[in-house]
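Here is a short briefing on selected local features of one model. Please keep the sequence and the structure open while reading.

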Amino acid sequence: MAIPNNSVSFDRLTVASPEHIRQPALRQLAKRVQIETLGYEYEQSQTITRSYNSDQSELVLQRLHQTQIADASILVAITHERHPKLLLTRRASHMTSHAGEVSCAGGRYEYADGNNVVTALREACEETALPPNKVQLLGQLPPQTSKSGMSVRPIVALIEPNLILMPEPGEIARIFWADFEALITQPTVEYKVEYRMQDHLEQTATLLTPSWQVDGETVWGLTGRVIANLLETGFDRQLEWYYRLQESGLELDR
């Protein structure tokens, strides 16, 4: 799918000012994600919750531009409205990796991208037709490691509500939305997934792991870990995230 306007230009991107966000949960999230992005030293030297200025916006952009490039980046996109929604997709069943699994829009870094933000926006546009010019950045979360060993950088952003999005059929089977405020308090549900043992490829085991049930879909794995980290960063919600062998109770490091 061709990208509208044919490019994603980093120097045209903007960072959302927390003071200009009226929705309380989103305002709090913006403040905390920007603290996370700028680092502990910045939090100690200047209190982000008291004031916001253009210099801070530039600092966030600089940090995003200078962050080490990950193997892949995803866009954690939340609608900027009274009742925010989190954009989610289900990958097509014929994909060679993560087939049929729920994910945030995103994908592998390409050399022309230059940084993680452009990767996330380009891939989100290719997969869902989300226009990059409808995105306001909040910041980034710590990288996660996929089950294939790839480093994945989550880029958090606000998007305009009521955008007309379209799944790219070669990659995406469905686009759907999670009620963002419900996620903050919604309990997780233990999910069973069949896991092929690496040392014995002919053998499988049943793993138990937390998940969210959203609009008939099961959100688990890397996407679940990203959401859990987002909720911990923004709202101090502590969620144990584990992969436990059903038969033995042994926890796996994945």
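Arg 225 has a relative accessibility of 13%, so it counts as buried, the cut-off being under 20%. The model is predicted.

**Arg 225**
- Arg 225 lies in helix H6, which covers residues 221–235.
- Its side chain makes a polar contact with the side chain of Gln 144, at 3.2 Å.

**Helix H6**
- Of the 15 residues of H6, 14 are buried, so the helix is largely enclosed by the rest of the structure.
- The length of H6 agrees with expectation: at 1.5 Å a residue its 15 residues should span 21 Å, and the end C-alpha atoms are 21 Å apart.
- Asp 236 follows H6, and its phi is positive, near 60°.

**Gln 34**
- Gln 34 sits in helix H1, residues 24–38.
- Is Gln 34 buried or exposed? With a relative accessible area of 0%, Gln 34 falls under the 20% cut-off and is therefore buried.
- What does the side chain of Gln 34 reach? It reaches the backbone oxygen of Leu 138, at 3.4 Å.
- Gln 34 and Ala 16 are 18 residues apart in sequence, and their C-alpha atoms are 9.7 Å apart in space.

**Taken together**
- Arg 225 is buried at 13%, and its side chain has Gln 144 as a polar partner.
- Gln 34 is buried at 0%, and its side chain reaches a backbone oxygen, that of Leu 138.

Key. Residues numbered from 1 in each chain as written. Predicted model: local features only at pLDDT ≥ 70, side-chain atom pairs only at ≥ 80, totals over all residues. Heavy atoms only, no water. Helix = DSSP H or I, 4+ residues; strand = E, 2+ residues; numbered from the N terminus. Buried < 20%, exposed > 50% of the residue type's maximum accessible area, 1.4 Å probe, protein only. Polar contact = N/O pair within 3.5 Å; in protein donor to acceptor, adjacent residues only side chain to side chain. Expected span 1.5 Å × (residues − 1).
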